[in-house]
Amino acid sequence: MAKEKKQQHVYTLVVQVGRKKGDGLPKGATGAALMLYASGVDEAEAVRESVAVLKQADLAPLDVQGYGTLDERRDMGHEIGDEELALMKRAADENAVIVAQMTPFYGDEPTAD
């Protein structure tokens with residue numbers, strides 16, 4: 001009996017990362033927020049895959065906030081431009097985690113060891 005392949009969705013995630021040796025964040029930054037598009041059969045899988053990819057990149061994920069799929073975001077009234085749609089399509093086509101934006105933090109944000 002063939003195993004049914006579950007449909008992948010692309011989720012929008014914002015991940016807060018702390019500092020870690022070799023993380024590549026700007027000098028003086030205490031961490032960063034990364035906006036990602038990640039594919040997965042559900043949001044939990046997208047989060048797990050994203051955290052694994054970020055750890056492989058020597059980043060220190062501290063918190064993940066999910067904003068749902070494209071349809072869920074549209075239902076919430078989010079405006080989604082062509083560039084964002086293209087990045088979501090790329091995440092789906094490549095079954096990948098795409099970092100769309102990185103915003104460094106300066107100040108008292110939490111850091112990792």
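1. Strands here are DSSP runs of E with at least two residues, helices are runs of H or I with at least four residues, and both are numbered from the N terminus. Two strands count as paired if DSSP finds at least two bridges between them. Within this pair, Val 15 stands opposite Val 64 in S3.

2. A word on what you are looking at: this is a predicted model, in which local features need pLDDT of at least 70 and side-chain atom pairs count only at pLDDT 80 or more, while totals for chains, interfaces and linings use all residues. Residues are numbered from 1 along each chain as its sequence is written, and side-chain values use heavy atoms, with hydrogens and water left out.

3. Now the whole sheet. Its 4 strands form an open, antiparallel arrangement in the order S3-S1-S2-S4. Strand S3 (60-69) and strand S4 (97-105) each have a single partner strand, so one side of each is left without a neighbour in the sheet. On average, neighbouring strands are turned by 20° against each other, direction ignored.

4. Thr 12 deserves a look while you are in strand S1 (residues 9-18). At 2% relative accessibility, Thr 12 counts as buried (buried means under 20% relative accessible area, exposed over 50%, partly exposed in between, with a 1.4 Å probe and protein chains only). The Thr 12 side chain makes a polar contact with the side chain of Arg 73 at 3.0 Å. Such a contact is a pair of N or O atoms within 3.5 Å; within protein, one must be able to donate a hydrogen and the other to accept it, and residues adjacent in sequence count only if both atoms are side-chain atoms.

5. Helix H3 (residues 82-94) lies across S1, strand S2 (31-40) and S4, at about 55° to S2. Contact means heavy atoms within 4.5 Å; axes are lines fitted to C-alpha atoms, for helices over the stretch in contact, and angles run from 0 to 180 degrees between N-to-C directions.

6. Which residues of H3 are buried? They are Glu 84, Leu 87, Met 88 and Ala 91. Seen down the axis of H3, the buried residues fall within an arc of 100°, so they line one face of the helix (the arc is that of the directions from the helix axis to the C-beta atoms). They pack against S1, S2, helix H2 (70-75) and S4. On the other side of H3, Asp 82, Glu 83, Lys 89 and Asp 93 are exposed.
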